[in-house]
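Here are some notes to read beside the structure. Please keep the model open while going through the points.

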Amino acid sequence: MERCDPERPTYGFTVAAAVEAVPSARRQVTVLVGKLGFPISDETVETVELLASEVITNAVLYAAAPCDVAVTRTDERLRVEVTDTDSSLPSAVGARPDDEHGRGFLLVDALADAWGVRPEHPGKTTWFEITPEPSTKSSDYDSTGAPSADAAAVRRTDREDGMESPAKLRASSVPAGAGERQQAA
């Protein structure tokens, strides 16, 4: 269920305690980003979607309980917060090339302008912020916050031509030692 604070542009919803709920949750984050009124590029939306997926997945996997997601506009930045009931604090750690897990917070650290963790009772809130890059198109999102037909067609065409998305390209260039930086809330 979507919630909105009328005094501050914040939208929120709850994600079920199942990994299968993550794709729908990341799409919901994308829709809510469109409702915040930022002029935002497709590349930035893809980055937000990737980072939201990583943070939500961790919350669902480790808390084994529903988590709450909030999407907020703070002055010049977009902020996504995920609150769960697991009190252990995440960190960016190194993963070996053959590891299937362990790169999520390296991506968050490399791609977010700021991120952090705030202890909450009984768990924590993990957040990240992105400074939106203005879109070069007149309107990538319609009035409901969904991608416009033209924006969706461009992304689909790029992928059909074998081009990788900007988020994937940037993810492949995560600098060594990126996990050493963490911003406090």
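1. With which side chain does the side chain of serine 41 make a polar contact? The partner is the side chain of threonine 44, at 2.9 Å. A polar contact is a pair of N or O atoms within 3.5 Å; within protein, one must be able to donate a hydrogen and the other to accept it, and residues adjacent in sequence count only if both atoms are side-chain atoms.

2. This is a predicted model, in which local features need pLDDT of at least 70 and side-chain atom pairs count only at pLDDT 80 or more, while totals for chains, interfaces and linings use all residues. Residues are numbered from 1 along each chain as its sequence is written, and side-chain values use heavy atoms, with hydrogens and water left out.

3. Serine 41 lies in the loop between α1 (22-35) and α2 (42-63). Helices (H or I, at least four residues) and strands (E, at least two) are DSSP runs, numbered from the N terminus. Serine 41 has a relative accessible area of 11%, so it is buried (under 20% relative accessible area; exposed is over 50%, partly exposed in between; 1.4 Å probe, protein chains only).

4. Strand β6 (residues 124-130) is largely enclosed by the rest of the structure, because seven of its seven residues are buried. Lys124, Thr126, Phe128 and Ile130 point one way from β6, and Thr125, Trp127 and Glu129 point the other way.

5. Strand β4 (residues 77-84) runs antiparallel to β6, joined by seven bridges; two strands pair if DSSP finds at least two bridges between them. Valine 80 has phenylalanine 128 in β6 as its bridge partner.

6. Strand β5 (residues 114-119) also pairs with β6, antiparallel, over six bridges. Here tryptophan 115 is opposite phenylalanine 128. A hairpin of four residues connects β5 to β6.
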